[in-house]
Amino acid sequence: MVPDSYVPSLPMISIGSVDGKIKSVDVVPCPTEPCHLVHGTNVSLTVEFDSAVDTHRAITKIHGIILGLPVPFPFSHDDACKYHNVPCPIQQGSSYTYSNVLEVLSAYPKMSLVT
């Protein structure tokens, strides 16, 4: 179910990837910015990116910025080619769309952070 309104193409903070550039990030549901994620729900994530390299694999990494430091959020299916609709091999100069549904676990601490 998609809410009546959501914030498309959220601003993201790059932590220095030289292998590609994120063009847009869409999070659903996200009726207002910043997104308020609810424990025990799922969030759909779509990321459009351009590759700056040729590669045979793509690994998903998500970080939250906590107290100014990037902190990784581990999850089990990090192979973007196998699990998240990114066709490999990836070619330099080409655009791709990554999609994922992330569970907002009840075990996550209740805190504000920037991703």
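**View 1. The largest nonpolar core, 14 residues in all.** Val 27, Leu 45, Val 86 and Tyr 98 touch the most other members here. Strand 1 (20–28), strand 2 (41–51) and strand 5 (95–104) each give two or more residues to this core, and strand 2 has the largest share, with 4 residues. A nonpolar core here is a set of buried Ala, Val, Leu, Ile, Met, Phe, Trp, Tyr and Cys residues joined through side-chain atoms within 4.5 Å; buried is under 20% relative accessible area, exposed over 50%, partly exposed in between (1.4 Å probe, protein chains only). Strands (E, at least two residues) are DSSP runs, numbered from the N terminus.

A quick note for every view: the model is predicted, so local features need pLDDT of at least 70 and side-chain atom pairs count only at pLDDT 80 or more, while totals for chains, interfaces and linings use all residues. Residues are numbered from 1 along each chain as its sequence is written, and side-chain values use heavy atoms, with hydrogens and water left out.

**View 2. The hairpin of strand 3 and strand 4.** Strand 3 (residues 63–66) and strand 4 (residues 69–72) pair antiparallel over 4 bridges (pairing takes at least two DSSP bridges). His 63 has Pro 72 as its bridge partner in strand 4. The turn has 2 residues between the strands, and Leu 67 there has a positive phi of about 55 degrees.

**View 3. Tyr 96, in strand 5.** Tyr 96 counts as buried because its relative accessibility is 10%. Its contacts (heavy atoms within 4.5 Å), not counting residues up to four places away in sequence, include Phe 49, Val 86 and Ile 90. The Tyr 96 side chain also reaches the backbone nitrogen of Gln 91 at 2.7 Å.

Notes
Polar contact = N/O pair within 3.5 Å; in protein donor to acceptor, adjacent residues only side chain to side chain.
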